[in-house]
Amino acid sequence: MTYLLKNMQEDSVPTNESDKSNVESNKSWRANDRKLDAARRKYEYNYTYIPSIAMVEKLAVQEYPSRVWIDLVAETFTTILINSLLNSQNKIFHIFRNDVLQNILLVIIQLIARWVIYPLMIIVAFLENNAFISRILEFIFLRWIIKLNFAEAIIKFLFSVRKRPEPDAPEKVTSLQQYNDLFQKIKLPNIANDFQKDDVFAYMRVAGYNPVMIERVTPEDNKLESKFPVTNAQYQQVMGDNDSLADALADGRLYLADYQGLEGAANGTFPKEQKYLYAPLALFAVPKGKGLNPSRLMRPVAIQCSQNPEDAPIVTPQSEKYAWLFAKTIVQIADANFHEALSHLGRTHLFVGRFTIATHRELPDNHPLSLLLRPHFQGTLAINDAAQESLIAPGGGVDKLLAATIDNSRTLVEADLQNYSFNEAMLPKQLEKRRVDDTEKLPVYPYRDDALDIWKAIHTWVHDYLHLYYDNDQAVESDTYLQNWAKDVVAYDGARVFGFGQQNGQIQTLDYLIDAATLIIFTASAQHAAVNFPQKDIMSYMPAVPLAGYQPASVLKKDKVEEKDYLKLLPPIKQAEGQLDLLYLLGSVYYTQLGYYGDNYFQNPAVQPILENFQKNLQDIETKITLRNRISYTYTYLLPSRIPQSINI
Ligand SMILES: [Fe+2]
C-alpha cells in the first residue's frame, strides 16, 4: 500500500524511508484501516429511502445536531409558533401579543431543547455500545428528537387547540390581504409590496431563490422557432421599435427560462384539492446598450404556459392585466417546484450527502482531504435523514405543499440527480453551458458574479491546502485511500455519483482533485446558501411564489382572465400558512460561517497562513458585494458572512 503524503497531521504517516518509520507507518495504516472498517458499518448506504439515491441507512450518533443548532431551531420554532397563535381565531392566544409572554415561551422551549433533548442525545451516545438499551432509547427518543418531533408534539398540541375544524371545501380567498394577515409576529417580507412588478419578476431569475434557470438563446439553438413562436411585433411591443427580435437574437440578448423538465408531471391532490404543475417557457431580453449599467436588467417579453404552443396562448406584458399576472404566477409555480425538488433538495442536500457517506467510509480522520471536507458535511446527514423521514415522505410537507404527487416529486429528484454530471456541475462550466458567462451580453446577474468570486476564493484555498500534501500528480495517483474514495464515490454499491472522476472514475491529477474538492465545498456552502435562505425572505410569502397552482393553464384561453381566476389559481389559506411555517423555518437557521473552522482545527502550522488568506479573500468579497448592493441591485444571499460552512437546514 502506498500512502506517502508530505506534512501529514498528527498520528499521520511519516514519509521517512527508515525501517523504524516504516514500522510506525504500518501501525498507523493498520489503525486507520480498523477505524475505516468500523466507519463502514456505521455509514451503510441505503438506496430505497428515495429510490436509487444513495443515502445513509441509519444516522450515526456523531451526526446528531449540536446544542447550538438545536437552540437556533428552537428559537425560530418559537417565532413560528407565536405567529401561528396570533393567527388563531381562539382569542385566548392573542395574549402572546405581549412581548414578556413571548419571551417566556421562548425560554420554555429553549429549556426543553437544552435540558431534555440535548442530555438525551448524550445518553444515547454514551450507551451506544449497549445495543439493547441503545435500541430502546433510539426507538423511544430518536424518532422524536432527531426529527424534532418532540418539540413538534408540544407545538402540535397547541396548534390543535387553536385550530378551527378542517373545512370540507377549501377556503376561498377573496383578496391578497388574507395572505398578508398571516404575518403577525413574523414581519411581512418586502416582496409582498412589489412581487407583481415586471422588473421584480425578471430580477428573480438573476438574484432570486432559483437563479440557475435562464439560458441564452442562440441562432443555432433557437427554441423559439421550435416551440415558442414569439413574433417580432410582440417583442417590439415590450422592447420598443428601435429593437427587434432578430437583433436581440444576433446580439445574444435573448434569455429563456424553460421548464421542460416538469412536462408530464402527475398533478397531486394531497391533502384534498386538485393541484397543477406546469412546464412553461418565459422569454426575457436585455435592453440595447453597453456596460454594467443597472438599467440593463433583462425584461420579461413573453410567457407560454405549455411546451406545446397549441395548448397555451403566448401572453405578454401588453396582454390584459390578470392574464399576464396569471401567466407570471404559473412561471413562479414551475420555478418553485424546480427549486425545491432539484436546485435545493437534489443538487445540494442529496448531492453533498453522498460525499459525506463516502468520506466517512473511505478516508481516515487524519487524511488531508478528509480534514478539509468534514466541516463542510456537518449536519447534512441529519437534516437529509429528517427530510426523508418526514418532509419528503408521503403525507409530509412536500406532499402537502408542492404541485405534483409525492411519487412524482421523488421521481423528478432521482431522474435529475442521475443525469446531473459532477464534472459538468463545476460553476464555470454551468455558466458556460447556459451561455450566461458573458458579462457584456448579460450585465445584471448578481448570483453569477458573487458565486464566481466565492468559487475562486474556495478554489485558491483548496489549491494552496492540497499543495501542502501533494507535490504532483504522481502523489495523487498513488494515494490508495484517495483512489478508494473515488471508487466508492462512483460505485453502484457506493455513492453512485454520476460523471465523477477522470478515466474510469479515478483521480489522476492534482488539478482535478482541486476542482472536485472545490465543487463539493462550494455546493455545501455557497450554492446551498443561495437556494436555501431566500426560502424565508421570498418564498414564505405565498402569492409571490406559490408552491402549487390550483387552476389549469387552460384558463388563459378564456376571452378575459379576471381577478377571481387569479385568486383561484393561488393556494388556499391553509396551504399558504403551511408554506409560511415551513419555509420561514428552513430559511432562518444560520449555523457556522464559511471559512471559519474553529481554533486549532488544522494542527498543521503550515495551514494557518493559507487559511488566513482564504478568510481575507472572503472579507474582500464581502466588502465588494456590500458596495455593489449600495449602488446597484441588492443581492445578499452570497455575502460570505451569511454562508454557513455546511448544509444543516
Ligand atoms: Fe436546505
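## The sheet

Strands E4 (residues 254–258) and E5 (residues 281–285) pair in the antiparallel sense, over five bridges. Strands here are DSSP E runs of at least two residues, helices are H or I runs of at least four, and both are numbered from the N terminus. Two strands pair if DSSP finds at least two bridges between them. Ala257 has Ala282 in E5 as its bridge partner.

Helix H10 (residues 232–239) packs on the sheet and touches E4, E5, strand E6 (299–304) and E7. Its direction makes about 145° with that of E6. H12 also packs on the sheet, touching E5, E6 and E7. The direction of H12 makes about 85° with that of E6. Angles run from 0 to 180 degrees between N-to-C directions, with axes fitted to C-alpha atoms, for helices over the stretch in contact.

## Basis of the model

The model is predicted: local features need pLDDT of at least 70, side-chain atom pairs count only at pLDDT 80 or more, and totals for chains, interfaces and linings use all residues. Residues are numbered from 1 along each chain as its sequence is written, and side-chain values use heavy atoms, without hydrogens and water.

## The nonpolar cores

The largest nonpolar core has 186 residues. Such a core is a set of buried Ala, Val, Leu, Ile, Met, Phe, Trp, Tyr and Cys residues joined through side-chain atoms within 4.5 Å. Buried means under 20% relative accessible area (1.4 Å probe, protein chains only). Phe355, Phe422, Trp461, Tyr465, Trp485 and Phe500 touch the most other members. Helix H12 (residues 321–362) gives the most to this core, with 21 residues. Another core, of 18 residues, lies apart from it and includes Val238 and Leu281.

Definitions and conventions. Buried means under 20% relative accessible area, exposed over 50%, partly exposed in between (1.4 Å probe, protein chains only). Contact means heavy atoms within 4.5 Å.
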